[in-house]
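Here is a friendly note to read alongside the model. Please keep the structure open as you go through the points.

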Amino acid sequence: SDGSYGIAEGVIYSYPCVCKNGHYEIVQGLVLDAFSREKMLATENVDHIRINSKSTTSLGVMLEARYVSAFYHPKYGMFATLSGFWNFISFEQPEEAFRVVTGKDIHEQVARCRANGNKQVKFADNADFRRLIKEAVIYKILGNSKIFEQLSESVLPFRLYYYKNQQDEFVDKSAKEKWLFDIYEDVRKLAQGKITLQQLLH
């Protein structure tokens, strides 16, 4: 596997392929039916932890950005979710509603901000943005003993994928979100006693 369709890299896995001139390529972009999806998800919690609200693991659910686990950021204050903090710091004019909105209401709040001309100015490729998200992730996990404990006991790599719309279109964001997984890996090292909080924050 090269990571396609949410299967962890390096796993021996049966993919649909095309062969030409002695080389093969995995067929990308296939729409998966319910049977295929079920078989692919069978490796969840075997070779990876899926970060998603529909994960089969409680850790995968709790690490998802929209999971409600209130935390306090020393500079920006209280937030109900990591997703709320994410959007609060990304807009040119921070919206107080992002402190408390949860679930699908977060997306609706984002849409309202954009409709009102409030521009998103900080994105995941911005070093300052990533630093703030790292801080928020740390405060969220340190503030939730259940997440901290499960993270300390885990060893599997993280992945982020889901199925979009009624057509079951498969979306794998694992490569794009590697920077976020690196943060989770660092916090896991803290939970396992391999690094100190001071090392993690710097």
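**Notes on the fold**

1. Helices are DSSP runs of H or I with at least four residues, strands are runs of E with at least two, and both are numbered from the N terminus.

2. A word on the source: this is a predicted model, where local features need pLDDT of at least 70 and side-chain atom pairs count only at pLDDT 80 or more, while totals for chains, interfaces and linings use all residues. Residues are numbered from 1 along each chain as its sequence is written, and side-chain values use heavy atoms, with hydrogens and water left out.

3. How many residues of H3 (residues 82-90) are buried? The count is 8 of its 9 residues, so H3 is mostly covered. Among them are Leu 82, Phe 85, Phe 88 and Ile 89.

4. The chain has 8 helices and 8 strands. Of its 202 residues, 41% are buried.

5. The largest nonpolar core has 38 residues, and Leu 63, Phe 85, Val 137 and Tyr 184 have the most contacts inside it. H2, H3, H4, H5, H6 and H7 each supply at least two residues of this core. A second, separate core of 6 residues includes Tyr 5, Ile 26, Tyr 161 and Phe 170. Such a core is a set of buried Ala, Val, Leu, Ile, Met, Phe, Trp, Tyr and Cys residues joined through side-chain atoms within 4.5 Å.

6. Tyr 184 is worth a click: leaving aside neighbours within four places in sequence, Tyr 184 is in contact with Ile 51, Leu 63, Leu 82, Val 137, Ile 141, Leu 151 and Phe 158. Contact means heavy atoms within 4.5 Å.

7. Next, look at H5 (residues 127-142) and H6 (residues 145-153), whose axes come within 6 Å and cross at roughly 100°. The two helices are therefore roughly perpendicular to each other, a label for angles of 65 to 115 degrees. Axes are lines fitted to C-alpha atoms over the stretch in contact, with angles running from 0 to 180 degrees between N-to-C directions. Lys 140, Ile 141 and Leu 142 in H5 meet Ile 147, Phe 148 and Leu 151 in H6.

8. Finally, Asn 52 lies in the loop between strand S3 (49-50) and helix H2 (58-63). Asn 52 counts as buried because its relative accessibility is 11%.

Terms used:
Parallel < 35°, antiparallel > 145°, perpendicular 65-115°, else oblique. Buried < 20%, exposed > 50% of the residue type's maximum accessible area, 1.4 Å probe, protein only.
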